[in-house]
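User: I would like to check the labels on this model one by one. Please take each back to its rule.

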Amino acid sequence: GEKAIPLYRLLRKTENFVWDAEADEVLESLKKQLSQAPILAAPKPKEPMLLYILANNQAVSVVIVLKRKKEV
């Protein structure tokens with residue numbers, strides 16, 4: 001969420017819409033991240049999970065991570 005703040009700013013009503021280099025960089029970065037396949041796994045019953053939360057005045061981001069032991 002925080003990485004896209006320059007794009008969110010463009011959504012505000014204003015008389016002067018300006019697409020700048022920062023917005024272009026952010027858009028390209030988001031497109032790259034969204035085009036890569038994420039690693040997804042269904043949790044097993046009673047498997048520990050970690051919840052990471054980042055919040056500020058402009059965005060809230062949440063990630064849930066499975067805490068798996070490496071299988072040998």
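**Labels and their rules**

User: How far apart are Glu-28 and Lys-31 in helix α2?

Analyst: They are 3 residues apart in α2, which means a separation of about one helical turn. Helices (H or I, at least four residues) and strands (E, at least two) are DSSP runs, numbered from the N terminus. The model is predicted: local features need pLDDT of at least 70, side-chain atom pairs need 80 or more, and totals for chains, interfaces and linings use all residues. Numbering starts from 1 along each chain as its sequence is written, and side-chain values use heavy atoms, without hydrogens or water.

User: What makes the contact between Glu-28 and Lys-31 a salt bridge?

Analyst: The rule asks for a side-chain nitrogen of Lys or Arg within 4 Å of a carboxyl oxygen of Asp or Glu. Glu-28 and Lys-31 meet at 3.1 Å, N to O. That is within the limit, so the pair qualifies. The count by this rule is 1 salt bridge.

User: Why is Glu-28 called partly exposed?

Analyst: Buried means under 20% relative accessible area, exposed over 50%, and partly exposed in between (1.4 Å probe, protein chains only). Glu-28 has 41%, so it is partly exposed. Lys-31 has 45% and gets the label partly exposed too.

User: Why does Ala-23 count as buried?

Analyst: Its relative accessibility is 1%, so Ala-23 counts as buried. Ala-23 sits in helix α2. Its C-alpha atom is 8.5 Å from that of Leu-10, 13 residues away along the chain.

User: Why does Leu-7 count as buried?

Analyst: Leu-7 has 17% relative accessibility, so it is buried. This residue belongs to helix α1 (residues 5-10). Across the chain, buried residues make up 12% of the 72.

User: What contact does the side chain of Glu-47 make?

Analyst: It reaches the backbone nitrogen of Lys-44 at 2.8 Å. A polar contact is a pair of N or O atoms within 3.5 Å; within protein, one must be able to donate a hydrogen and the other to accept it, and residues adjacent in sequence count only if both atoms are side-chain atoms. Glu-47 lies in the loop between α2 (21-35) and β1. At 14% relative accessible area, Glu-47 is buried.

User: How do you know that β1 and β2 pair?

Analyst: Pairing takes at least two DSSP bridges between two strands. β1 and β2 have 7, in the antiparallel sense. Together they form a hairpin with 4 residues between them. Ala-55 stands opposite Val-60 in β2.

User: What makes the nonpolar surface patch?

Analyst: Met-49, Leu-51, Ile-53, Val-60, Val-62 and Ile-64 make a patch of about 630 Å². The elements giving two or more residues are β1 (49-55) and β2 (60-66). Members need over 30% relative accessible area and no salt bridge; like charges are joined within 9 Å, nonpolar side chains (Val, Leu, Ile, Met, Phe, Trp, Tyr) within 5 Å. Val-60 has 59%, so it is exposed.

User: How does the radius of gyration of the chain stand against that of a compact globule?

Analyst: The chain has 18 Å, whereas a compact globule of 72 residues would be near 11 Å. The radius is taken over C-alpha atoms, and the globule rule is 2.2 Å times the number of residues to the power 0.38. Along the principal axes, the C-alpha atoms fill a box of roughly 60 × 25 × 15 Å. The chain's pattern along the sequence is α-α-β-β.

Definitions and conventions
Accessible areas come from the Shrake-Rupley method with a 1.4 Å probe; for residues, only the protein chains shown count as cover.
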